[in-house]
Amino acid sequence: MQGLTRYKLLFLLPGLLILLGIILFPLIFTIRVSFSGWDAIRPGLDWIGGTNYGRLFVDGRFWQSLSRLGAIALTSVMFEYLFGFGLALLVWHQVRFRRITRVLFLIPMMTTPVVMAVIWRTIFHESLGPANDIAGMLGLGTIPWLTHSVWATVVVILVDVWQWTPFMFLLLLAGLLSLPKEPFLAAAIDGAGPIRTFFNVTFPAMAPISVGALIIRLIEASKIMETVYVITSGGPGTSTETSSYYIFIRGLRDFQIGYAAALSVTYLVIMIVLLTIIAKILTNTLVKSGV
Amino acid sequence: MINTFKPLKIIAIAFWSAFVVAPFLWALTTSFKTANGVTGGATYIPWVDYEPSLAAWQGLFDSGAGSIDVVGPLANSMIVTLSASAISLALGTLAAYGLSRFRYKAGPITNTDLTFFFISQRIMPPVVLAIPFFLMLGYFGLLDTIFGLVIVYVALLLPIAVWVMVDFFNNIPRELDETAMIDGCTPLEVFWRVILPNSLPGLVVAGIFCVVFGWNDFFFAFTLTFTNTQLLPVAIVSLNSSVTPWWSLSASALISVSPLIIVAFLVERYLEKGNISVASK
């Protein structure tokens, strides 16, 4: 038995210790820094109590960035789920050109988000990009894609949908392919049409995997900032600034390390609480009611 | 299934395919332009709309004004991604095997908690870690080095490797281990001689995910390096300024995303074989 313990630790410890070292130490450090007045002028771990937390409580820009993040993340993920599910259903039983369509649908999630964002920025360039060229041909005139707050948000969501619908597609198609055949045969024998089959058989069977995919995407979408940085730099004004991006500006641009740490801790706690609640709600509505 | 749906299906597939391909085609045509082809407004077809030139592609290999030398950043990106993926895969596979086969107990902490700890690291927003990483790497003199980036990327990729592999090992029957144990193998020998050779599909899927996430990271490379160790995404984004050379940008972007298009083919193969399962909880 002594020997087995040694082996057990041998398997687990290297990975666990490294992860603890790389993640847990920074996290504890961040919590400590959030109680200090560390900035560019006076770097150092002094103790100023909850001053930073008091400041963020009345920092409208932070709370706006959070609600904006919520709107962008929920909208993007909703479209990604709808499109991803739709595409997965479309190619599920496809026979001709099957491989090439699937590969094509997967490609965007493999590409580097910032690099594609740079390309998207040229596409939505107001005077030189093809987006407005096409809008002009359709008689829509010149759309201020990146200089109007609503349009800039639309572009950020559109780019996210382009990038991450494939992820939903991948997970949902993998789910569809692993479904047992019998319920579909039974439905066919009962004479159920495609729409009834979908709502009574396919969708309930896909509910657990849908919840999993939605939660993973919401977690990832809650961190969105790189594409915002490249496409709009949070602008115009602060109208597309997400929480991560605002913390980045405070911490690594203004070097208000202490304040950024307090923002980080608050942001992390809010995200964990919200995502847990959303996960519970999704599991309850989709999985349970579906049975 | 039903014939009336067929035209609609084809239209939907064609429409989405066009949406997927559009930015790549735009980048491809832009990469053959010069300043003249860009500043006149959107143009699409070479020879008809604009006079194509290879200047942008040639510029990728010498760092003149308005272009970047992609060779250095490309090599850095490859070294960092591949070494971090290899380390994560090795450590992650070991830990995942342990978590799948043995019972751990330290006070109230059990296997589920340990697995959750690994996976939950994906929730952490990069920006929360960026500042401590910056200070930590600075303290050890590892800012702007390949080694420093590899350490950070291992933290990013290890949870992915553990997540995929725990799930995979759970689906390998335990009888395989037990038979080998009866034959007198130590747990390490069982792992090395029996389990690993049977885990190739899992390892490939985990490896793919590690490489994709490693290759595509921008934020850590952006905050933790300056000029000595530039990774490819950082080099490309640094071209993105008020007067952007769209042609160099497009050419280097295409270079940067092309390796991953090959990866998409691999993923599709494993999808077909049913090896991409999800631990949806």
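The model is predicted. The contact between chains A and B takes 74 residues from chain A and 79 residues from chain B.

**Helix packing in chain B**

- On the side of H5(B), the contact with H7(B) is made by Thr115(B), Phe118(B) and Ile119(B).
- On the side of H7(B), the contributing residues are Pro159(B), Val162(B), Trp163(B) and Val166(B).
- By class, this contact of H5(B) with H7(B) comprises six nonpolar residues, one polar residue and no charged residue.

**Helix packing in chain A**

- Helix H4 (residues 98–110) and helix H7 (residues 149–177) of chain A pack with their axes 7 Å apart, at an angle of about 125°.
- H4(A) and H7(A) are therefore oblique to each other.
- The crossing of H4(A) and H7(A) is left-handed.
- H4(A) brings Phe105(A), Leu106(A), Pro108(A) and Met109(A) to this contact.
- H7(A) contributes Trp162(A), Gln163(A), Trp164(A), Pro166(A), Phe167(A), Phe169(A) and Leu170(A).
- The contact of H4(A) with H7(A) has 10 nonpolar residues and one polar residue, with no charged residues.

**Overall build of chain A**

- Chain A has 12 helices and zero strands.
- The C-alpha trace of chain A spans about 75 × 75 × 35 Å along its principal axes.
- Of the 291 residues in chain A, 44% are buried.
- Among contacts in chain A between residues at least 6 apart in sequence, 68% join residues at least 24 apart.

- Helix H1 (residues 2–33) of chain A supplies 14 residues, the largest share of the side of chain A that touches chain B.
- That side of chain A divides into 53 nonpolar, 14 polar and seven charged residues.

**Nonpolar core**

- The largest nonpolar core has 159 residues.
- Val118(A), Ala95(B), Val154(B) and Ala161(B) are the residues with the most contacts inside this core.
- Ala161(B) is in contact with Ser88(B), Leu89(B), Gly92(B), Thr93(B), Ala206(B) and Cys210(B), when its neighbours within four places in sequence are left aside.

**Loop residues with positive phi**

- Ser233(A) has a positive phi of about 50° although it is not a glycine.
- Ser233(A) belongs to the loop that joins helix H10 (226–231) and helix H11 (243–253) of chain A.
- Ser233(A) has 14 C-beta neighbours inside 10 Å and therefore counts as partly exposed, since that class lies between the limit of 12 or fewer for exposed and 20 or more for buried.
- Asp144(B), likewise not a glycine, has a positive phi of about 65°.
- Asp144(B) sits in the loop between helix H6 (126–139) and H7 of chain B.
- Asp144(B) counts as partly exposed because it has 16 C-beta neighbours inside 10 Å.

**Further positions in chain B**

- Thr179(B) is part of helix H8 (residues 175–182) of chain B.
- Thr179(B) is partly exposed, because 13 other C-beta atoms lie within 10 Å.
- Thr179(B) and Val190(B) are separated by 11 residues in sequence and by 9.4 Å in space, C-alpha to C-alpha.
- Lys6(B) lies in helix H1 (residues 6–30) of chain B.
- Lys6(B) counts as exposed because it has 10 C-beta neighbours inside 10 Å.
- Lys6(B) and Cys185(B) are 179 residues apart along the chain, and their C-alpha atoms are separated by 57 Å.

Terms used:
Residues numbered from 1 in each chain as written. Chains lettered and ligands numbered in written order. Predicted model: local features only at pLDDT ≥ 70, side-chain atom pairs only at ≥ 80, totals over all residues. Core = buried A, V, L, I, M, F, W, Y, C linked by C-beta atoms within 7 Å. Contact = placed C-beta atoms within 7 Å. Helix = DSSP H or I, 4+ residues; strand = E, 2+ residues; numbered from the N terminus. Nonpolar A, V, L, I, M, F, W, Y, C, P; charged D, E, K, R; others polar. Axes fitted to C-alpha atoms, helices over the stretch in contact; angles between N-to-C directions. Parallel < 35°, antiparallel > 145°, perpendicular 65-115°, else oblique. Left-handed = near helix turned anticlockwise from the far one by under 90°.
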